[in-house]
Amino acid sequence: FISAGSKLWSVDLNKTKRTSAVYNSDKIYNVFKDGSVICLSNSGSEQWRFETNERILNPPIIENDLLVLASDDGDIITLNSNTGNPHQIIGIGERISSGISVIDIEEKGNITKAVVIGTVYGNIYCYDLFNLDPIWAQQITFNGQEISVVSSIAHSENKIFFFDNKGTLYCLSAANGMLIWKLEASQGGWKSSIKALVSQTGKDK
């Protein structure tokens with residue numbers, strides 16, 4: 001019998017974490033300040049590790065046996081989640097400020113898995129998940145404005161939602177990146193989360 005709250009195991013990896021761990025298929029994926037990615041089993045034994053040699057400031061995402069990461073320096077990295085072997089790595093040449101999101105793009109009955117990120121220069125990039133080929137790019141910065149994407153990117157109903165450092169909330173087509181609408185905050189930026197908006201969008205369907 002194991003009482004509630006009892007410690008089952010612990011492991012000291014002698015590293016500083018910057019993101020939360022991700023759990024999937026009896027494996028625990030950890031990303032550390034120095035760019036190390038370490039996969040542990042349910043019992044705490046190390047399964048594999050991969051050194052990105054980059055700063056990873058946001059949690060990874062697991063999709064279709066791929067562990068997807070975005071580095072602060074502007075790289076998108078996909079690893080085989082079972083072995084830790086690199087699948088694809090590309091650099092976009094801009095600092096990624098949004099973290100990383102995996103979305104479904106629906107077009108003519110077909111579903112494409114895609115990776116979407118936002119940058120400090122106000123650009124949104126969308127890539128095919130499996131080969132990281134570009135699908136579309138969109139710029140929200142105009143007339144020399146200093147605009148950065150500062151939120152995570154939410155997805156619902158073939159649309160993506162995010163906000164910038166000026167408090168403006170955007171809705172773009174997930175299929176082609178075209179702007180559908182935007183709402184500018186009158187004072188101090190938005191206080192409510194994007195998730196609430198996406199939840200309401202689903203209810204209105």
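**View 1. Lys27 has Ser41 in E3 as its bridge partner.** This is a predicted model, in which local features need pLDDT of at least 70, side-chain atom pairs count only at pLDDT 80 or more, and totals for chains, interfaces and linings use all residues. Residues are numbered from 1 along each chain as its sequence is written, and side-chain values use heavy atoms, with hydrogens and water left out. Strands (E, at least two residues) and helices (H or I, at least four) are DSSP runs, numbered from the N terminus. Strand E2 (residues 27-31) and E3 pair in the antiparallel sense. Five bridges connect E2 and E3. Two strands count as paired if DSSP finds at least two bridges between them. The E2 and E3 hairpin has four residues between its strands. Gly35 in this hairpin takes a positive phi near 95 degrees.

**View 2. Strand E3 (residues 36-41) is mostly covered.** Six of its six residues are buried. Buried means under 20% relative accessible area, exposed means over 50%, and partly exposed lies in between (1.4 Å probe, protein chains only). Ser36, Ile38 and Leu40 point one way from E3. Val37, Cys39 and Ser41 point the other way. Cys39 has a relative accessible area of 0%.

**View 3. E3 also pairs with strand E4 (residues 46-51).** These strands run antiparallel, joined by five bridges. Ser36 has Glu51 as its bridge partner in E4. Four residues lie between E3 and E4 in their hairpin. Gly44, in the turn, has a positive phi of about 95 degrees.

**View 4. E1-E2-E3-E4 is the strand order of an open sheet.** The four strands pair in the antiparallel sense. Strand E1 (22-24) and E4 are the edge strands, each pairing on one side only. From one strand to the next, the twist averages 15 degrees. Axes for such angles are lines fitted to C-alpha atoms, for helices over the stretch in contact, and angles run from 0 to 180 degrees between N-to-C directions. Three bridges link E1 and E2, which are antiparallel. Val22 has Tyr29 as its bridge partner in E2.

**View 5. Ser71 sits in the loop between strand E6 (66-70) and strand E7 (75-80).** Ser71 is buried, with a relative accessible area of 1%. Ser71 touches Glu54, Arg55, Ile56 and Ile96, leaving aside residues up to four places away in sequence. Contact means heavy atoms within 4.5 Å.

**View 6. E7 and strand E8 (residues 86-91) pair in the antiparallel sense.** Their pairing spans five bridges. In E8, Gln88 is the bridge partner of Thr78. The hairpin of E7 and E8 has five residues between the strands. There, Gly84 takes a positive phi near 85 degrees.

**View 7. Another open sheet has the order E13-E14-E15-E16.** Its four strands show antiparallel pairing. Strand E13 (154-156) and strand E16 (179-183) form the edges, each pairing on one side only. The twist here averages 20 degrees from one strand to the next. Five bridges join strand E14 (residues 159-163) to strand E15 (residues 169-173), and the two run antiparallel. Phe162 has Tyr170 as its bridge partner in E15.

**View 8. Cys39 and Cys171 are the cysteines shown here.** Cys39 is buried. Cys171 is buried too, with a relative accessible area of 0%. A disulfide is a covalent bond between the sulfur atoms of two cysteines. The cut-off used is a pair of cysteine sulfur atoms within 2.5 Å. A search of the whole structure finds zero disulfides.
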